[in-house]
Amino acid sequence: ARIHGEHGRDVNDLDGSNRKYRLMRRLYRPFVNKYIALSRDLEAYLRDGVGVAPSRIAQIYNGVDTARFRPAAGGREPIAGGPFNDPECWIVGTVGRMQAVKHQTSLARAFIIACRADPEAARRLRLVMVGDGPLRAEAAALLEEAGLLARSAWLPGGRADIDAVMRGLDCFVLPSLAEGISNTILEAMASGLPVVATDVGGNGELIEQGSTGCLVPADDPQALAGAILGYFRAPARARRHGAAGRLLAERRFSLDAMVARYLGVYDQLLGIDNGIAQPPNESYPRPACGERAGE
């Protein structure tokens with residue numbers, strides 16, 4: 001049995017319209033017994049763009065280790081080697097390879113906008129950008145030019161202790177131009193953080209708008225800055241949304257749920273009855289970004 005996992009797109013095919021990539025997938029389509037799409041967006045791409053029959057596609061979300069990625073027990077924890085230990089600081093951060101598709105320069109610009117727009121943010125807001133790649137130097141140059149790098153931003157490069165980094169943040173931000181299903185969003189949710197992310201790929205399938213996080217248009221630093229300031233100015237709401245994200249990660253995105261779904265696909269193709277029913281995928285409406293009615 002041959003199974004193909006469709007995991008996402010890159011900067012050369014943000015909307016899945018690249019004709020060469022579609023043709024390649026159509027050519028090897030007869031040799032694949034089952035496709036696994038990480039998001040509903042990728043499921044639609046395989047069905048409508050590549051012509052895969054719906055019966056040959058299983059949509060399975062990634063899972064997250066909710067034991068490793070967990071909320072800080074007594075409030076934000078200091079990040080080892082990090083410069084921001086003042087409890088008055090409010091720390092936003094991102095984690096990921098610093099490549100064009102992840103677009104960390106948009107977050108750097110948003111941070112500059114936020115600090116210039118709000119004197120209190122200029123005093124207390126801090127930025128952590130973990131990861132390495134071509135955009136690291138570019139993001140650092142933007143922050144240095146604005147006079148914010150030395151005092152307000154920290155770009156330590158790649159790190160292995162991402163779970164500890166998450167527990168050292170107050171808000172997680174993902175400024176990507178394209179995503180399949182973002183592991184870092186799931187890790188941030190499991191860590192009890194509110195999430196600000198661009199509305200691309202499967203991001204909107206992970207975040208409950210106005211309940212666990214906020215979705216903004218891609219490549220819009222002004223909107224990104226507004227969402228960050230929204231949480232900075234309402235820390236109680238940020239904590240509520242982070243707690244709701246933790247519950248959602250435990251309920252919908254556990255490792256056990258993911259493994260059971262994959263096992264069900266493999267066993268079905270091999271004609272094995274393991275007694276595991278495949279639950280339907282859920283979808284949720286999106287209220288406007290910010291407070292829900294009654295909050």
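1. The lining of the second largest pocket is made up of six nonpolar, eight polar and four charged residues. The model is a predicted one, and the points below should be read with that in mind.

2. This second largest pocket holds about 280 Å³ of space. Its lining numbers 18 residues, and those nearest the centre are Arg 97, Lys 102, Glu 179, Gly 180 and Ile 181.

3. Of the 19 residues that line the largest pocket, Gly 75, Arg 76, Leu 169, Asp 170 and Arg 239 are nearest its centre.

4. Helix 11, residues 235–252, supplies the largest share of the lining of the largest pocket, with five residues. By class, the lining of the largest pocket divides into eleven nonpolar, four polar and four charged residues.

5. On the backbone, His 103 deserves a look: its phi is near 55 degrees, a positive value in a residue that is not glycine. His 103 sits in the loop that runs between strand 4 (90–95) and helix 3 (104–117). His 103 has a relative accessible area of 13%, so it counts as buried, the cut-off being under 20%.

6. Asp 219 belongs to the loop between strand 9 (213–216) and helix 10 (221–233).

Notes: Residues are numbered from 1 along each chain as its sequence is written. This is a predicted model: local features need pLDDT of at least 70, side-chain atom pairs count only at pLDDT 80 or more; totals for chains, interfaces and linings use all residues. Side-chain values use heavy atoms; hydrogens and water are left out. Helices (H or I, at least four residues) and strands (E, at least two) are DSSP runs, numbered from the N terminus. Buried means under 20% relative accessible area, exposed over 50%, partly exposed in between (1.4 Å probe, protein chains only). On a 1 Å grid over the protein atoms alone, a cavity is a set of points where a 1.4 Å probe fits but cannot get out, and a pocket is an open set with protein on both sides within 12 Å along at least five of seven lines; lining residues have an atom within 4 Å of a point. Ala, Val, Leu, Ile, Met, Phe, Trp, Tyr, Cys and Pro count as nonpolar, Asp, Glu, Lys and Arg as charged, and the others, Gly among them, as polar. Grid points are joined across faces, edges and corners, and a volume is the space filled by probe spheres set on the points.
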